[in-house]
Amino acid sequence: MKNILIIDDEEKLRGLLARIITSEGFDVIEAANLQSGFQKLSQHEIDVVLCDVKLPDGNGVDFLEKIKTAFPLTEVILLTAFGKISDGVQAMKNGAFDYIVKGDDNDKIIPLLYKAFEKTQLQKKVQQLEKRIADKYSFDTIIGKSKALEQAIDLARKVAQTESTVLLTGETGTGKEVFAQAIHENSAHAGKSFVALNCSTFGKEILESELFGHKAGAFTGALKDKKGFIEEANGGTLFLDEIGEMPLELQAKLLRVLETNQYIPVGDTTPKKSTFRLIAATNRDLKEESEQHRFRSDLYFRLNIFGIHLPALRERVKDIAPLTHFFVAQFSAKINKKPFAIAPDFLQKLESYQWPGNVRELKNVIERAVILAENDSLTQEVLPYEIQYQTDQSNKSVSAFSLASVEKLQIQKVLNYTKGNKAETARLLEIGIATLYRKLDEYKIQ
């Protein structure tokens, strides 16, 4: 439906406009005064309003402000018998799509209506997209009812309403970016930029350029100016994942940005300004890292204004079943199959596994199982070898299930898979290369 509301006290002119506009395929609703016009706006979904400036019960320029406040997606074109520059200026300030003179500009009305209608439709699409994004990243979509998870969600809901810097801690795969998105979408920055950068992905020079931007000629290959993530995040939220991997020199520069809202692109000398909300995440113990002088203590205290720890999946076993059902439904739909039944032995194996990769690993395992399943039920036979044949947890040898043992085994498996290629191993494990080398040394893996 393309609904146009005409508000004009001249019945003949209103009727003439209605016939012309109707012939163009629009649906026309008429009102003789402002009070009636506002009632029509409340009763129908109006796309564009054509409103006279001089009406018996008020001025269309003033009424325009009331319309835009109550119905911000509705566009308004004002019509006047005597064009006044002051009225035109005020109309545009109040949000008019256009301001035209009756008679002189009649040929403009239909083209203007099409343009105004297109703008309305575009704004509605943007609003729908923003709603879908907000729904996708709302706290209500985070699956799980365990006490540890609910405590984390409760903290995140509370801090979302503030401007405080947030530090999310927890193992890889626990959903730190999902929480960061949810905090952003439930904050005053919702609808503005959410910019995410993984600090473990790049070396120092590239990370500096990605974060602060650079001027053309700043280094070999810098052929033109480049905006950094800090500039892109202006007015919104900057999410720095794996911030524990950031080199010390860049930590000092980031600290200055947080304290002054100013930064200098690589190769430039003029400071720029950016105001944003920072959410950082790490799988390291930054307090210990700062004590060992591997992370700046002043930056740690600046980041840790409000810390939220996300529990590992093995710490919330009761959430494995609902997560499994969700992922099974998701991946079944993806390959156009009815959701699979979940056999008891399948779920039992999942609930007794230690999940070093947490929710991300569970998601990957379920996708693999759905692809491999040959009947209507998921059984343990479609699970990876290490989950099918894990040691019985009732065994007294608890050390086999320590995080260190599982992590060491996983690193060794991926190293074997990549034939010793450490860069590829780090990529598959989704950790920084520096972190991998530290783990290899810690676990004495050759």
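What is the relative accessible area of Glu430, and how is the residue classed?

Guide: Glu430 is partly exposed, at a relative accessible area of 40%. The classes are simple: buried is under 20% relative accessible area, exposed is over 50%, and partly exposed is in between, with a 1.4 Å probe and protein chains only. Some ground rules come next. This is a predicted model, in which local features need pLDDT of at least 70, side-chain atom pairs count only at pLDDT 80 or more, and totals for chains, interfaces and linings use all residues.

Helices (H or I, at least four residues) and strands (E, at least two) are DSSP runs, numbered from the N terminus. The backbone of Glu430 has a positive phi of about 60°, although the residue is not a glycine.

Asn261 lies in the loop between α10 (248-260) and β11 (262-263). Its relative accessible area is 27%, so Asn261 counts as partly exposed.

Now for a covered loop residue. Ser146 lies between α5 (109-136) and α6 (147-160), in the loop. Its relative accessibility is 3%, so Ser146 counts as buried. Leaving out residues up to four places away in sequence, Ser146 touches Arg316, Lys318 and Asp319. Contact here means heavy atoms within 4.5 Å.

Ser290 belongs to helix α11 (residues 286-291). At 10% relative accessibility, this serine is buried. Neighbours within four places in sequence aside, Ser290 is in contact with Phe295, Arg296, Ser297 and Tyr300.

Asn3 is part of strand β1 (residues 3-7). With a relative accessible area of 12%, Asn3 is buried. Beyond residues up to four places away, Asn3 touches Asp27, Glu45, Ile46, Asp47 and Val48.

Next comes Phe346, in helix α14. The residue is buried, and its relative accessible area is 0%. Phe346 and Glu381 are 35 residues apart in sequence, but 8.1 Å apart in space, C-alpha to C-alpha. Not counting residues up to four places away in sequence, Phe346 touches Thr324, Ile366, Ala369, Leu378, Thr379, Gln380, Val382 and Leu383.

Two of those partners, Ile366 and Ala369, are among the buried residues of α15. Helix α15 covers residues 358-372, which is 15 residues. From its first C-alpha to its last, α15 reaches 21 Å, close to the 21 Å expected at 1.5 Å a residue. The expected span is 1.5 Å times one less than the number of residues. Its buried residues are Asn358, Val359, Glu361, Leu362, Val365, Ile366, Ala369 and Val370. An α-helix has 3.6 residues a turn, so residues three or four places apart point the same way. The cover over the buried residues of α15 includes α13 (320-334), α14 (344-352), β16 (377-378) and α16 (385-388).

Helix α7 (residues 176-185) is mostly covered, with 8 of its 10 residues buried. These are Lys176, Phe179, Ala180, Gln181, Ala182, Ile183, His184 and Glu185.

Last, the whole chain. The protein chain holds 19 helices and 16 strands. Of its 446 residues, 46% are buried. Its radius of gyration is 30 Å, whereas a compact globule of 446 residues would be near 22 Å. That radius is taken over C-alpha atoms, and the globule rule is 2.2 Å times the number of residues to the power 0.38. The C-alpha trace spans about 90 × 60 × 40 Å along its principal axes. Among contacts with a separation of 6 or more, 67% join residues 24 or more positions apart.

The accessible surface comes to about 23400 Å², and carbon and sulfur atoms hold 52% of that. Areas follow the Shrake-Rupley method with a 1.4 Å probe; for residues, only the protein chains shown count as cover. The chain has 59 positive and 62 negative charges, and their mean positions are 2 Å apart. Lys and Arg count as positive and Asp and Glu as negative, while His and the chain ends are not counted. Each charge is placed at NZ of Lys, CZ of Arg, CG of Asp or CD of Glu.

Key
Residues numbered from 1 in each chain as written. Heavy atoms only, no water.
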